[in-house]
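Dear colleague,

I am writing to hand over the structure we discussed, which follows directly below. My notes on it come after, and I would be grateful if you would read them alongside the coordinates.

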Amino acid sequence: MPTFNDILIMVPEFYLVAAACVLLLADAFLPANQRGVTLHWASIFVLIAGIYLVVAHQPAGTVTAFNGMFIRDGVAEILKVFALLCTILVFIYARPYLSDRKLLVGEFYTLMIFAVIGVMLLVSAGNLIMVYLGLELLTLSSYALVALNRDSKLSSEAAIKYFVLGALASGMLLYGISMVYGATGTLDLVQLHDAIPHSSMPHLLVFGLIFMIIGIAFKLGAAPFHMWIPDVYQGAPTAVTVFIGSAPKLAAFGMAFRLLAIGMGGYVQHWQPMLAALAVLSLAIGNLVAIVQTNLKRLLAYSTISHMGYLLLGLVNAGPEGYSSAMFYAISYALMSTAAFGVILALSRAGFECEEIDDFKGLNQRSPWMAFMMLLCMFSLAGVPPLFGFFAKLLVLQAAIHAGMMWLAIVGAVFAIIGLYYYLHVVKVMYFDKPVEGTEVRLQPDFTLRIALSLNALVLLVLGVYWGPLLGWCKQAFVG
Amino acid sequence: MFNHLLSLLIWLPVAGAVPVLLAGSDRPNLARWLSLLVAILTFAVSLFLIPQYNGDTGGMQLAESHVWIAALNVHYALAVDGISVALILLTTFVGILVIIGAWEVIQDKPHQYMAAMLVLEGLMIGVFCATDALLFYVFFEAMLIPMFILIGIWGGPRRVYATLKFFIYTFMGSIFMLIGLIYLYLKAGTFDLHTLATLPLTLQEQSWLFFAFLIAFAVKVPMVPVHTWLPDAHVEAPTGGSVVLAAVMLKIGGYGFLRFSLPIVPDASAHFAWLVILLSLIAVVYIGYVALVQEDMKKLVAYSSVAHMGFVTLGIFIAFMLVREQGNTDAARLGMQGAMVQMISHGFVSGAMFSCIGVLYDRMHTRLIKDYGGVINVMPWFGFFYVLFAMANCGLPGTSGFVGEFMVILASFSANPWIALFAAFTLIIGAAYTLWLVKRVLWGEVTNSHVAEMKDINGRETLVLGAFAALVLIIGVWPEPLTHLMDSSVTQLVQLLAIHKV
C-alpha cells in the first residue's frame with residue numbers, strides 16, 4: 001500500500017499532473033480572447049513552481065517511493081531542474097512563432113507539460129516498468145507535438161517517421177526488458193544489479209542488454225540509430241524542435257544512467273565497448289554529414305548526433321567522474337541547443353521560416369545583437385573556450401582518458417576539428433557575407449523572448465567562466 | 001593596484017571593449033577615441049611592470065592565484081618573468097599603434113573593429129601571464145575568435161578562405177595539446193605549470209607530450225611544414241590584423257615552447273632538438289628562397305616572418321644541444337637570449353613592415369610589387385621609413401634585427417659550425433629579398449600614373465611609423481635594458497634545460 005510518505009516524495013510529479021489537468025480544463029472553458037495569454041503565463045508559472053517543489057523538498061541522500069519504483073536523488077533533482085528550466089525557455093521562445101502561425105493552442109502547453117512529466121518519471125525510475133512508462137509518456141506527447149502543424153506535409157511526414165521508428169525502438173527496449181526479467185526474475189533496478197552475478201542465463205542477459213542499448217541509443221539519437229533525428233528536427237515546427245533538442249536529451253542521459261549504471265552495472269565490460277562504438281559512429285556521422293547541410297535546423301540535427309557522441313564519451317568512463325561529466329555535457333548541450341533554436345525562432349515571422357543558413361546572411365549588419373548571440377551558441381557548440389561547450393568537452397575527454405581510452409579521446413578531438421568547420425561556416429555567413437538585397441530581418445517584437453534569449457546565450461559565456469559550482473553540483477550527485 | 005596588476009592588464013582592454021561596442025556604428029569617432037583611450041591606459045598600466053618587476057632576481061613575480069574550479073583544482077593563476085614582461089610591453093605598445101593605424105582606414109563598423117582589437121589585446125596579455133595550463137589554454141584559444149572576426153570582416157577578397165584556414169589550423173594544433181594537458185592533469189592532479197615542471201615522466205610519455213606541444217606551437221610560430229596558413233592569413237588580413245598577427249601572435253608560439261616544452265618535457269625536447277633545429281634551418285633557408293619569388297608584398301613579408309621565426313626556434317633548441325652535449329651554458333644563454341631578442345625585434349620590424357604596406361595599400365589598393373615603382377619620388381618620407389625597416393629586416397647592424405640573429409648565429413657556431421653556416425644564409429637571402437623588394441617598389445622611374453598621384457604619409461601615419469622606427473633603432477644600438485630585463489629569466493630557463501626527469 002502506498003503510504004503518505006510515498007506521495008510526499010513524488011509531490012512535484014503529482015502537482016504537475018494536477019496542474020496539467022487544470023490547464024486542459026481552463027483551455028476548454030476560458031473565453032477565446034483570453035485563452036492564449038492566460039495559458040501561456042499559467043504554464044510558465046506552473047513550471048516555475050515545479051522547479052521550486054523539486055528543489056525545496058529535496059531530501060538528503062537517496063529516497064525511494066512505491067517499493068523502489070521511484071527514486072529521488074541528486075541526479076534526478078539536477079536533471080529535473082534543467083528539464084523544467086529548458087521547457088520554460090521553450091514556452092517563451094515558442095509563443096510568438098506559434099501565434100504567427102495560428103498554432104498557439106492549449107494542447108501545446110498540456111502536451112509539453114505531460115512530456116516534461118515523462119522526463120521527470122524517467123530520470124527518477126527505479127524499476128524497468130517505470131523506465132518504460134516514463135519514456136512512453138514523453139515520446140507519445142512528442143509524437144503529437146511534432147504533428148502540431150497538421151496541415152504541413154513535412155510535419156506530418158516527420159511525425160509518422162518519428163512514430164514508426166520510435167515505436168520500434170520502444171519495442172526493442174521492452175523486448176530487452178523482458179529478456180532481462182526472464183534471466184533474473186526482477187524488474188527492480190537495484191535488485192537487478194544484485195541478481196546479475198547469480199543469474200543462470202548470462203547469454204540471455206547480454207541479449208537483453210543489447211536491446212536495451214538500442215533503445216537508449218535511439219532516444220539519445222546516437223548513430224547508427226539516428227535516422228529519425230534530421231527529419232524530425234527539420235520537419236517539426238521549430239517551436240517543437242527546440243523542445244526535442246533539450247529536455248528529452250537530459251531524459252535520455254537519465255535513462256542510460258539508470259539502466260546501465262545502476263541496473264546493468266555488473267555488465268560494464270559488455271556495455272562499455274558498445275557505447276564506445278556508438279560514440280565513434282555518432283562523432284563521425286554527425287560531424288561529417290553536418291558539413292554539407294544547407295538547412296540550419298538539419299545542421300543542428302546532425303550536430304546533435306555528434307554531441308551525443310561526446311556525451312557517450314563520458315558514459316564510457318563508467319565511474320562517478322564519467323557520469324558527472326556526461327550529465328554536465330547533457331546540461332550544457334540542452335542550454336546551447338535551446339539558445340540556437342531560440343535565435344531561429346526569434347528571426348522567424350509569419351510566412352517566413354528563418355531556417356536556411358542563407359537566411360542568416362549578413363545578420364551582423366541587420367541585427368548585431370542577435371548575430372552575437374548566435375556567435376556565442378556556435379562557438380560554444382564547437383567547443384571553443386571560454387564558452388561553456390568547451391568545458392563540457394574538456395570533462396568528457398578527461399573522463400575518456402581516465403578510463404584508459406586515449407584513442408577514443410583522440411577520435412573525439414579529431415572530430416572536434418572537423419565539426420568546427422560547419423559552426424564557423426554559420427558565423428561566416430552571419431558576419432562576413434553581405435545581406436541579400438530585398439530581404440529584411442525583422443526580430444520578433446516579443447520582449448520576454450528577447451530578454452530570455454539574451455540571458456540564455458549569455459549564460460553560455462558566464463558558465464564558461466564560472467562553471468565550478470555546476471560541476472561541483474553534478475559531482476556531488478554521483479557521490480555515494 | 002599592484003597586487004592585481006596583471007589582472008588589470010588583462011581585463012582593462014577586454015572591459016574597455018564594451019563601451020566601444022556600445023558607442024555603435026552611429027558614433028564612429030566616439031568609438032575610435034574610446035578605444036585609443038583604453039589602449040593608452042593599458043600601455044600606461046603595463047609600464048608599471050618595469051619598476052614592479054625585479055629583473056635582478058628573476059623568477060615568476062607579481063603572482064596572483066585564486067581557485068577557479070575547485071572540483072578540478074584549476075586556478076586563476078598569473079605571474080610574469082622577464083620574458084613575459086617584455087612581450088606584454090610589446091603587446092600593449094603595438095595595441096596603441098594598430099588602433100591609430102586603423103583610424104581612418106576602417107570605415108565599415110569601426111566600433112566592432114576596435115572592440116575586437118581590444119579583446120584580442122587583453123587575451124594575448126592573458127596568454128603571457130597565465131601560469132595555470134588550463135587558463136593558458138583558454139586564453140590561447142579564445143584569442144582565435146576576435147582574430148577570426150578581424151580577418152573575416154575587414155580582410156581582402158579571399159578573406160573567408162584565409163580566416164577559416166587560420167582558425168581550423170590553429171585549433172587543430174591546440175586540441176592535441178589539450179589532450180596532452182589532460183593526461184598531465186590526470187597524472188599530477190593539477191594544471192599548475194610549476195608543479196607540472198617537477199613531475200617525473202618517462203621518456204616515452206615525454207615524447208608523446210613533446211609532439212602534442214610541438215604541433216600546437218609549431219602551427220602558431222609557424223614552423224615548416226605547418227606554416228601555410230600564415231601567408232594566406234597575412235595577405236587577406238586588414239593591416240592592423242597583420243600587424244598584430246606578426247608582431248605578437250607568432251610570439252605566442254615561441255613563448256609556448258619556453259613555458260611548456262622546456263620545463264615539462266626537457267628530455268624529449270633534448271632528444272628531438274635535432275628535428276626542431278632542422279625545421280628551423282629549413283625555414284631560414286628554404287622559406288627565404290620562397291620569399292624571394294613572391295609577387296605580393298604582404299606575402300613576401302609573411303614568408304620572411306616564417307624565416308625570422310626560424311631563428312627563434314633555432315635559438316631555443318640549440319640551447320638544448322649546447323647544454324646537454326657540451327655543458328656550455330654560456331653559449332646556451334646566448335642562444336636563448338638571442339631568440340628572445342629576436343622575438344621582440346621581429347615584433348617591431350614585421351609590425352612596421354606591414355604598417356608600411358598598409359600605407360601603400362590604402363593609396364593604391366593593390367599589394368602587387370609590379371604595380372609600384374619609383375614611390376620614393378612622390379613619397380620621400382615614406383621611403384625613409386621603408387628603407388629603415390627593410391634594413392632592419394635584413395639584419396643590418398645598428399638595427400634591432402641584427403642583435404638577435406647575431407646572438408643566435410654565435411651560439412649555433414659553438415654547437416656546430418654547419419648549423420651556423422646555414423643559419424647565416426639568412427644574411428644573404430634576407431638581404432636579397434628585402435633589398436630587391438625595396439628596389440622594385442621605391443627606386444626607379446615612376447611608371448604607373450597612379451603612383452604619381454600618391455601623397456606622402458600624413459601625421460597619423462608618421463606617428464605610427466616613427467614610433468616603430470624609434471624602437472627598432474633603440475634596441476639596435478642599446479639592447480642592454482631589454483637583455484637585462486630578460487637576463488635572469490633566461491638564465492633560469494637554461495638551468496632547467498640541464499635537469500633530467502628520467
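In chain B, B:Asn73 sits in the loop that links strand 1 (61–69) to strand 2 (74–80). Please bear in mind throughout that this is a predicted model. Although B:Asn73 is not a glycine, its phi is positive, at about 60 degrees. B:Asn73 counts as partly exposed because it has 17 C-beta neighbours inside 10 Å.

B:Lys109 is found in the loop between helix 4 (82–101) and helix 5 of chain B. With 20 other C-beta atoms within 10 Å, B:Lys109 is buried; the cut-off for that class is 20 or more.

I then turned to the packing of helices in chain B. Helix 5 (residues 110–129) of chain B packs against helix 7 (residues 144–154) of chain B at an angle of about 150 degrees, and their axes are 9 Å apart. Helix 5 of chain B is therefore roughly antiparallel to helix 7 of chain B, since angles over 145 degrees are classed in that way. The crossing of helix 5 of chain B with helix 7 of chain B is left-handed. On the helix 5 side of chain B, the residues in contact are B:Tyr113, B:Ala116, B:Val119 and B:Leu120, and they meet B:Pro146, B:Met147, B:Ile149, B:Leu150 and B:Trp154 of helix 7 of chain B. By class, this contact between helix 5 and helix 7 of chain B comprises nine nonpolar residues, with no polar and no charged ones.

A:Pro224 lies in the loop between helix 9 (202–220) and helix 10 (228–235) of chain A. A:Pro386 belongs to the loop between helix 17 (368–382) and helix 18 (388–402) of chain A.

Finally, the two chains meet. Their contact draws 24 residues from chain A and 26 residues from chain B. On the side of chain A that touches chain B, helix 18, helix 19 (406–431) and helix 21 (468–477) of chain A are the elements that give two or more residues. Helix 19 of chain A gives the most, with ten residues. By class, that side of chain A has 18 nonpolar, four polar and two charged residues.

With kind regards

Note on methods. Residues numbered from 1 in each chain as written. Chains lettered and ligands numbered in written order. Predicted model: local features only at pLDDT ≥ 70, side-chain atom pairs only at ≥ 80, totals over all residues. Axes fitted to C-alpha atoms, helices over the stretch in contact; angles between N-to-C directions. Helix = DSSP H or I, 4+ residues; strand = E, 2+ residues; numbered from the N terminus. Parallel < 35°, antiparallel > 145°, perpendicular 65-115°, else oblique. Left-handed = near helix turned anticlockwise from the far one by under 90°. Contact = placed C-beta atoms within 7 Å. Nonpolar A, V, L, I, M, F, W, Y, C, P; charged D, E, K, R; others polar. Buried ≥ 20, exposed ≤ 12 C-beta atoms within 10 Å, placed from the backbone.
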